[in-house]
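Here are my notes on this one, jotted down while going through the model. Have it open beside you as you read.

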Amino acid sequence: MRVLGIETSCDETGVAIYDTETGLLGHALFSQVDLHADYGGVVPELASRDHVRKLLPLVRQVMRKTDTRPEDLGGIAYTAGPGLVGALMVGACAGRALAYGWGIPAVAIHHMEGHLLAPMLEENPPAFPFVALLVSGGHTQLVDVRGLGDYELMGESLDDAAGEAFDKAAKMLDLDYPGGPRLAALAEKGDPSRFTFPRPMTDRPGLNFSFSGLKTYTLTTVREHALADGLPDEQTCADIAAAFQEAVVDTLVIKCRRAIKASGHKTLVIAGGVSANKLLRERLEKALAKDGARVYYPRHEFCTDNGAMIAYAGSLRLQAGEHAGLEIEVRPRWPMTELSGSLN
Ligand code: KG4
Ligand code: ZN
């Protein structure tokens with residue numbers, strides 16, 4: 001069965017076609033980064049309008065590239081939440097309407113489920129059960145994944161998400177949006193031992209996170225070393241970036257090891273934008289090897305938002321017999337644990 005996947009939850013328009021027999025046939029992505037850069041963050045109304053402009057041309061492009069006609073498709077999967085309501089509506093309306101017009105089923109996908117299944121698109125995919133660390137711009141969660149749709153939240157951030165913390169720290173260092181990857185690049189030029197930033201909530205038991213104190217600590221350090229233009233010198237900026245990245249990565253590693261121990265699983269999946277972070281991958285691999293556990297992550301381009309993960313999640317849910325009704329519903333806030341038991 002071929003499934004068309006549509007992702008429009010935030011600032012990337014993603015389209016892909018996944019074949020349950022042969023795997024991923026093709027995908028295309030349009031990133032709105034340039035559109036939002038001047039504003040220092042995503043402007044929801046601009047995001048929605050741009051999805052309207054880009055989505056159908058991308059669908060046409062992927063259908064042509066993969067030699068897929070509407071009658072070759074077994075269903076359409078679209079992201080129904082969580083995300084920006086207007087942006088979600090664009091993908092949901094288009095996906096639902098195309099499926100209706102072509103007489104095929106549609107299925108509504110949870111964006112974070114898409115992320116956590118993304119490593120399964122790789123050559124040596126992880127197998128259930130596993131612990132998933134979902135680290136994106138909007139979420140930091142540890143999830144016990146026992147099977148498709150069988151998720152238990154083990155811990156989450158009580159305030160900022162890890163990606164959000166990266167983006168805010170980057171802004172303090174005058175880096176352009178989206179700051180996460182830029183801060184990570186700057187950190188490579190820094191000395192991580194010059195400053196020691198706090199590792200929030202690691203000194204007490206539990207699997208929750210908090211990154212807002214780290215944000216304040218970063219701002220205070222930037223101000224303490226600021227020159228006349230309000231910013232520290234170049235090397236100090238790099239040293240602050242390195243110290244910040246060390247603190248976030250260290251905190252995530254400590255909690256992942258705890259979650260692996262608590263679950264008894266030997267597999268950790270990391271997904272979402274921050275899973276593209278090189279230091280995080282290296283440190284997790286090293287730390288979990290000591291516990292006899294293995295780390296899986298998606299290829300770089302599928303760490304951040306994309307249509308492939310939605311097409312893949314859709315193929316699994318369609319195969320399990322799930323279909324969306326004719327009404328078009330999106331859920332800007334949608335706890336992933338509500339998916340539990342949604343499949344037979
Ligand atoms: O999953 P994603 O594309 O969108 C959401 O669903 O939020 O994640 C985007 C987030 C942004 O906060 C971005 O700064 C962060 O992932 N990010 C990174 C890196 N690449 C993307 N953070 C740290 N290091 C990176 N290499
Ligand atoms: Zn995402």
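Which residues are the protein donors of the zinc ion (ligand 2), and how far from it do they lie? Bear in mind that this is a predicted model.

1. Zinc site. The protein donors are His111 and His115, each through NE2, and Asp305 through OD, lying 2.1 Å from the zinc ion (ligand 2). Along the chain, the donor residues follow the spacing H-x3-H-x189-D. His111 sits in helix H4 (residues 111–117), while Asp305 is in the loop between strand E10 (294–296) and helix H10 (308–319), so this pair ties together parts that are 194 residues apart in sequence.

2. The annotated stretch. UniProt, in an unreviewed entry, lists residues 24–312 as "domain: Gcp-like".

3. One open sheet. Here 5 strands run in the order E3-E2-E1-E4-E5, with mixed pairing. Strand E3 (23–31) and strand E5 (106–110) are the edges, each pairing on one side only. From one strand to the next, the twist averages 20 degrees. If you want a place to start looking, take strand E2 (residues 12–19), which pairs with E3 in the antiparallel sense over 8 bridges. Tyr18 has Leu24 of E3 as its bridge partner.

4. Helices on that sheet. Helix H2 (residues 44–65) packs on it and touches strand E1 (2–7), E2, E3 and strand E4 (73–81). The direction of H2 makes about 25 degrees with that of E2. Helix H3 (residues 85–102) also packs on the sheet, touching E1, E4 and E5. Relative to E4, the direction of H3 makes about 160 degrees.

5. Another open sheet. This one also has 5 strands and mixed pairing, in the order E8-E7-E6-E9-E10. Its edge strands are strand E8 (150–156) and E10, and each pairs on one side only. Neighbouring strands are turned by 25 degrees against each other on average, direction ignored. Strand E7 (residues 140–147) and E8 pair in the antiparallel sense over 6 bridges, and Gln141 stands opposite Glu156 in E8. Helix H9 (residues 278–290) lies across strand E6 (130–135), strand E9 (267–271) and E10, running at about 170 degrees to E9.

6. H5 against H8. The axes of helix H5 (residues 162–172) and helix H8 (residues 234–263) come within 11 Å and cross at roughly 170 degrees. H5 and H8 are therefore roughly antiparallel to each other. On the H5 side the contact is made by Ala165, Phe166 and Ala169, and on the H8 side by Phe244, Gln245 and Val248. Sorted by class, that gives 5 nonpolar residues, 1 polar and no charged ones.

7. H5 against H7. Helix H7 (residues 212–224) packs with H5 at an angle of about 10 degrees, their axes 10 Å apart. That makes H5 and H7 roughly parallel to each other. H5 contributes Lys168, Ala169 and Met172 to this contact, and H7 contributes Lys215, Thr218, Leu219 and Val222. By class the contact of H5 with H7 has 4 nonpolar, 1 polar and 2 charged residues. Ala169 is worth a click while you are there: this residue is listed in the contact with H8 and in the contact with H7.

Definitions and conventions
Residues are numbered from 1 along each chain as its sequence is written. Chains are lettered from A and ligands numbered from 1 in the order in which they are written. This is a predicted model: local features need pLDDT of at least 70, side-chain atom pairs count only at pLDDT 80 or more; totals for chains, interfaces and linings use all residues. Side-chain values use heavy atoms; hydrogens and water are left out. UniProt positions are given in the numbering used here, feature names are shortened, and annotations may be inferred rather than shown by experiment. Two strands pair if DSSP finds at least two bridges between them. Helices (H or I, at least four residues) and strands (E, at least two) are DSSP runs, numbered from the N terminus. Axes are lines fitted to C-alpha atoms, for helices over the stretch in contact, and angles run from 0 to 180 degrees between N-to-C directions. Contact means heavy atoms within 4.5 Å. Angles under 35 degrees count as roughly parallel, over 145 as roughly antiparallel, 65 to 115 as roughly perpendicular and the rest as oblique. Ala, Val, Leu, Ile, Met, Phe, Trp, Tyr, Cys and Pro count as nonpolar, Asp, Glu, Lys and Arg as charged, and the others, Gly among them, as polar. Donors are N, O and S atoms within 2.8 Å of the metal (3.2 Å for Na, K and Ca); water is not among the atoms, so sites may look incomplete.
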